[in-house]
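Let's take a walk through a protein model and pick out some of its helices, strands and loops. Have the 3D view open while you read.

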Amino acid sequence: MKRVLSFLLSVILILCSYPVFALAGDGEVPAVSLENPSMLCYEIADGKTDSELTDPCVSKKYKGNTYYSSGKQLYTSIKNNLLSRKSAFTIRYLSKGTKYWRPDDFQKLLYEFYYYSTDDELSSSCVDGDYLRYSISEIGFKDGNEDTALDGYYFYTLKATASYYNTAAQESAVDSAVNSIVNSISSKDWSDYQIIKYIHDYLCDKGTYDHDAMGYKNGKAVALHPTAFTAYGTLIGGKSVCQGYSAAFYRICKELGFSVCVASSDPDVGCHAWNLIQLDTKYYYIDCTWDDESRDTGTGDDYYYFLVNYAKLTSNDSVLDEHKLYPTLYDTTYFNNKYRKNIDTKNYNRSNNKLLSKCSHGISKLNNVYSSSAIKPAVTVKNPEGEALEEGRDYTLSYSNNINTGAAKAIISGLGEYSGSGFKQFYILPGVIKLTGASDIAPSSATVKWTAASGAVTGYSVERVKDGKWITVLSTTGNAANLSSLASSANQYVRVRAYKLLGKRRLYGAYSNTLFFSTKPAKVKITSVKAPSNKLTVIWKKAPRITGYQLRYSLSKDMKKAKTLKLSSKTLKKTVKKLKKGKKYYVQVRAYRKYTDPSKRTRTIYGAWSAKKSVKIK
């Protein structure tokens, strides 16, 4: 039953309920939704099956808002909202010549938005593309409006909603698990084949098929265990369906630099998902779910569906065609050019030790620092017998993406008796940056600045000392940050490091110098000013962590020619004598702090003067 139940949810949740009414004069958009949209047997809008990501994206403004037509810019904005796991977000859509008014029209439009925003062609990390597509359980339009029609375009504001199979916290747990796996694998001098086999074995050993993932509530098929449809179910929960196995395999392999995708069959019939991965320039099929079934039952070959061709993959399919690629998703120009024409007609030859993918790849330095020039760490290649191969005789070596920060590759291509290719992924970390100073220092805040990092970094992580420990206080893309919630009259220690984002992983550079400064004392509050015979008495509230106070008084409101008294930190009340009777005096108090900087110099920092108080001397 495992093979058929993998996508049972998608079969039953095809039908969506929506109100039957049209866009009238008020221009309201009907609420529509797609439940488990990744597996809906539904044609792309207008019957298109090839990607529209290369189409020009038209943008127009209306009442201060920018609207986009179908194209990369629109789909990227939708993708970013889904990546942030937004449950509600706004889409401003520009339709050329087509007026949408029926729920059916908006359902097709919704599927187009979902399909292209999660398209492999738009993927730029390991957490978008197929990984994002199979994490969404429902997407819909809650409501919306046709705002206007101008120059042959219809302007729509659509209130979109989305639900996910797992929570943001659960996805964070996946991030940590994947980081641990990737870091462990990256540190080993393994062949590409060994890496893929390890991931396949890890998922099969870690996961168990969840036969109870589906059930019924109120006569409706529902996902009783939603996480079973995600990498979380496989990596953390230990139970999942094929969607979870294939998502986990995809995520880990893509993190490690492999070209990989999720493949699936007709949701109305086959209801199954597996993977395609590139090895030695060719693509092969891997089905961790069905291989795990052999392991769980103790029958069959544990690697029957490991790096196989299409004939082997489908050899045990039933009349349901569990492994037949779903035409709506895969009969596209993009899939044909990138994957289908490069799928090997033969199974991967696991016994051929002359394939570069069977040779181990060691690298002299896994983590390198950005230097503005191409980085080419030395590579060591050994055949399965442990014999070192010689560059120029057995293989050629080239590098890609090896200047800017991020993931780079050393590409090894076979020569002579060695064929195929392999690669070793290495990393270029941001360089060290320098904190240049603090400004706008206040009692509870300050602005710190640093030199910008080169090499296309993603952002900066700012840390400060709190309770004796370094803590991260914020991340920013600029080279300045405002720190808040600081303690007044207190020493502050700040450091910064740049990072490059790879999916959810951050590649950090080294820490900057530590910047030291003191915050200003808190502003003093005067609670009482009295003026008994020819003198005035001032009382104020205590300021924490200070050296002392200054009190100034003057006959002038602008405090010209004010006289200033220096008082200890224990003084909270001061009487000034010998003042002129009948005259109005203005008085202020402020706190100050003395501290020693890293160069052992004593410095003084002053708080703001209190609000002026005035009193007439009797």
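## A mixed sheet

Strand β19 (residues 406–414) and strand β20 (residues 421–429) pair up in the antiparallel sense, with eight bridges between them. If you'd like one spot to look for, find Ala407, which stands opposite Tyr427 in β20. Keep in mind as you look around that this is a predicted model.

These strands belong to an open sheet of four, in the order β16-β20-β19-β18, and the pairing is mixed. At the edges stand β16 (367–369) and β18 (395–400); each has a single partner strand, so one side of each is left without a neighbour in the sheet. Going from one strand to the next, the twist averages 30°.

Here's a handy bit of background for looking at any sheet. In a regular strand, side chains alternate between the two faces of the sheet.

## An antiparallel sheet with a helix across it

Now for another open sheet of four strands, with the order β11-β12-β13-β14 and antiparallel pairing. Its edge strands are β11 (260–264) and β14 (306–308), and each of them pairs on one side only. The twist here averages 40° from one strand to the next. Inside this sheet, strand β12 (residues 273–279) and strand β13 (residues 282–286) run antiparallel and are joined by five bridges. Look for Leu276 there, opposite Tyr285 in β13.

Which strands does α9 lie across? The answer is β11, β12 and β13, and the helix runs at about 20° to β12. Helix α9 covers residues 242–255, so to speak: 14 residues that reach 20 Å from the first C-alpha to the last, close to the 20 Å expected at 1.5 Å a residue. This helix is mostly covered, with 13 of its 14 residues buried. After α9 comes Gly257, which has a positive phi, near 100°.

## Two helices that cross

How do you describe a pair of packed helices? You give the angle between their axes and the distance between the axes.

Which residues make the contact? From α3 come Leu74, Tyr75, Ile78, Lys79 and Leu82, while α4 brings Glu112, Phe113, Tyr116 and Ser117. Sort the residues of this contact by type and you get six nonpolar, one polar and two charged.

## Another helix to check

Helix α7 (residues 192–206) has 15 residues and reaches 21 Å from its first C-alpha to its last, close to the 21 Å expected at 1.5 Å a residue. Its buried residues are Asp192, Tyr193, Ile195, Ile196, Ile199, His200, Asp201, Leu203 and Cys204.

## Two hairpins

Strand β2 (residues 59–62) and strand β3 (residues 65–68) run antiparallel, joined by four bridges. In this pair, Lys61 stands opposite Thr66 in β3. The hairpin of β2 and β3 has two residues between the strands, and Lys63 takes a positive phi near 55°.

Further along, four bridges join strand β29 (residues 526–530) to strand β30 (residues 536–540), and these strands run antiparallel. Val529 has Val538 as its bridge partner in β30. This hairpin has five residues between its strands, and Asn534 takes a positive phi near 40°. Asn534 isn't a glycine, yet its phi is positive. It is partly exposed, with a relative accessible area of 30%.

## Loops: inside or out?

Is Ser489 buried or exposed? Ser489 has a relative accessibility of 1%, so it counts as buried. You'll find Ser489 in the loop between β25 (480–483) and β26 (491–502). Its phi is near 50°, a positive value in a residue other than glycine.

Now turn to Val319, in the loop between α11 (310–313) and α12 (327–330). With 79% relative accessibility, Val319 counts as exposed, because the cut-off for that is over 50%. The C-alpha atoms of Val319 and Ser163 are separated by 33 Å, and these two residues are 156 residues apart along the chain.

Note on methods
Residues are numbered from 1 along each chain as its sequence is written. This is a predicted model: local features need pLDDT of at least 70, side-chain atom pairs count only at pLDDT 80 or more; totals for chains, interfaces and linings use all residues. Side-chain values use heavy atoms; hydrogens and water are left out. The expected span of a helix is 1.5 Å times one less than its number of residues. Buried means under 20% relative accessible area, exposed over 50%, partly exposed in between (1.4 Å probe, protein chains only). Contact means heavy atoms within 4.5 Å. Ala, Val, Leu, Ile, Met, Phe, Trp, Tyr, Cys and Pro count as nonpolar, Asp, Glu, Lys and Arg as charged, and the others, Gly among them, as polar. Two strands pair if DSSP finds at least two bridges between them. Axes are lines fitted to C-alpha atoms, for helices over the stretch in contact, and angles run from 0 to 180 degrees between N-to-C directions.
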